[in-house]
Amino acid sequence: MELPSGRVDRLDAVLDAESVAAVWFARPNTFAWLTGGDNVVDRTAETGVAAAGYDGDEVTVLTSNIEADRLRAEELPDSVAVQSFEWYDSTLAEAVAAESPTPAAADFDVPGFTQLSGATVRQPLADGDTERYRSLGETVAGSVEELCRSVAPETTERAAAAQLRGRLAEQGVETPVVLVGGGQRAPAYRHLTPTETAIGEYAIVSVTAQRWGLFASCSRTVAFDPPSWLEERQTAAARVEATALATTRAAGTSGGDAGAVFEAIRAAYDAVGWSGEWRNHHQGGAAGFAGREWIATPGGEEAVTLPMAYAWNPTVEGAKSEDTVLVTEGGYERLTAGEWPTETVTAVGSDEQFERPTVLDCG
């Protein structure tokens with residue numbers, strides 16, 4: 001199987017760093033990063049039904065006889081080698097241990113293998129990821145915005161969430177996170193898991209969605225009888241998000257880390273008049289082949305890499321600002337840009353300005 005050069009270089013570096021002859025990935029996000037295919041049958045399982053291995057020369061996918069023909073026909077390039085074992089003879093881990101060159105490493109539990117995290121090879125984004133990401137972002141933003149324009153005050157949070165999942169599923173997009181909170185619950189909670197409560201005066205709709213192994217997150221706020229404070233809080237959250245983005249690019253070009261971005265976020269909350277609000281919800285972090293590859297925390301040492309997708313999601317007591325943005329040394333691209341009203345906000349401590357989604361007033 002021919003791999004983009006960025007992936008080959010990273011895999012070769014892992015072989016050298018771990019002093020192994022092969023690396024194997026069965027967790028769905030790294031399997032997708034390596035092969036472009038989906039190895040998931042059971043969405044609750046940590047590992048998929050197939051493992052992709054790299055031995056310094058080629059990629060081989062190993063799976064049971066149940067899955068082999070389907071993966072060849074529907075999930076993998078024609079050039080990839082697929083080997084199978086009888087489902088009743090072995091587990092996936094046992095089959096990998098029997099077939100792999102040794103020593104070896106894996107991102108799942110294989111007897112005698114070194115444990116390996118796939119996150120290190122997935123960052124930053126590699127050749128070929130950006131175009132697929134743009135397509136995913138457009139689909140996600142479009143579906144969220146269509147949903148927001150279709151709901152009414154009497155629509156329940158749960159009904160709105162179900163409609164959004166359906167819209168995205170029809171387009172081949174999985175939705176591990178769908179949050180909908182109406183006017184009664186949005187000011188009280190940060191993770192708005194949907195209930196039978198009616199939306200009422202306004203709603204925040206948030207989603208983290210996945211296709212081709214890539215994840216995109218965004219939030220939109222739609223109002224019918226918005227509270228007097230909503231617009232001001234939305235702008236405050238947007239300025240914190242803008243600050244996170246500006247600091248992300250600065251850190252990425254200077255070798256900075258997640259802790260530096262977090263400190264800028266904390267200072268931004270102070271500047272917009274909401275000191276300490278960061279304590280009530282995580283602020284987001286790097287996206288890509290996970291909902292968040294890492295979440296920024298005080299003192300976080302994760303490297304800020306470019307080019308990379310970032311999804312920052314600051315909240316201000318009833319308001320939230322969130323998009324998935326491709327950050328490069330040269331600038332920013334909103335991957336989840338749709339057709340939604342925006343406002344221009346300035347990052348705290350910087351003259352950089354960003355167009356951020358604001359509240360859609362349907363009253």
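Which residue forms a salt bridge with Asp 129? The partner is Arg 7, and the closest N and O atoms of the two are 2.7 Å apart, a salt bridge being a side-chain nitrogen of Lys or Arg within 4 Å of a carboxyl oxygen of Asp or Glu.

## Basis of the report

This is a predicted model, in which local features need pLDDT of at least 70 and side-chain atom pairs count only at pLDDT 80 or more, while totals for chains, interfaces and linings use all residues. Residues are numbered from 1 along each chain as its sequence is written, and side-chain values use heavy atoms, with hydrogens and water left out.

## Salt bridges

By the salt-bridge rule the count comes to 24.

A further salt bridge joins Asp 323 to Arg 220, with the closest N and O atoms 3.1 Å apart. This pair links distant parts of the chain, since Asp 323 is in strand 13 (residues 323-328) and Arg 220 in strand 9 (residues 214-223), 103 residues apart. Asp 323 is buried with a relative accessible area of 0%, and Arg 220 is buried at 1%. The side chains of Lys 320 and Glu 322 also meet in a salt bridge (3.6 Å, N to O); Lys 320 is buried at 8% and Glu 322 at 4%. Salt bridges that share partners join Glu 145, Arg 220, Glu 241, Asp 323, Arg 334 and Arg 356 into one network.

## Pocket and cavities

The largest pocket holds about 390 Å³ of space and is lined by 17 residues, of which Pro 28, Val 40, Arg 43, Gln 210 and Phe 215 lie nearest its centre. Two or more lining residues come from each of helix 2 (28-35) and strand 7 (174-182), and helix 2 gives the most, with three residues. On a 1 Å grid over the protein atoms alone, a pocket is an open set of points with protein on both sides within 12 Å along at least five of seven lines, whereas a cavity is a set of points where a 1.4 Å probe fits but cannot get out; lining residues have an atom within 4 Å of a point.

A search of the whole structure finds two cavities of 30 Å³ or more, and the largest cavity has about 80 Å³ of space, a volume being the space filled by probe spheres set on grid points that are joined across faces, edges and corners. Among the residues that line the largest cavity are Leu 179, Tyr 189, Ile 204, Thr 315 and Lys 320, and strand 7 and strand 8 (202-211) each supply at least two residues of this lining.

## Two buried strand residues

Gly 182 is found in strand 7 and is buried, with a relative accessible area of 1%. Leaving out residues up to four places away in sequence, Gly 182 touches Glu 157, Pro 187, Ile 199, Tyr 202 and Ala 203, contact meaning heavy atoms within 4.5 Å. The C-alpha atoms of Gly 182 and Ala 198, which are 16 residues apart along the chain, are separated by 6.7 Å.

Thr 63, placed in strand 3 (residues 59-64), is buried with a relative accessible area of 0%. Beyond its neighbours within four places in sequence, Thr 63 is in contact with residues including Val 49, Leu 71, Val 82, Phe 85 and Leu 92.

## Backbone features in loops

The peptide bond from Thr 102 to Pro 103 is cis, with omega near -5 degrees, and Pro 103 is found in the loop between helix 4 and strand 5 (104-106). The peptide bond from Leu 306 to Pro 307 is likewise cis, with omega near -10 degrees, and Pro 307 is in the loop between strand 11 (294-295) and strand 12 (308-312).

Trp 212, although not a glycine, has a positive phi of about 60 degrees; Trp 212 lies in the loop between strand 8 and strand 9 and is partly exposed at 33%.

Key. Helices (H or I, at least four residues) and strands (E, at least two) are DSSP runs, numbered from the N terminus. Buried means under 20% relative accessible area, exposed over 50%, partly exposed in between (1.4 Å probe, protein chains only).
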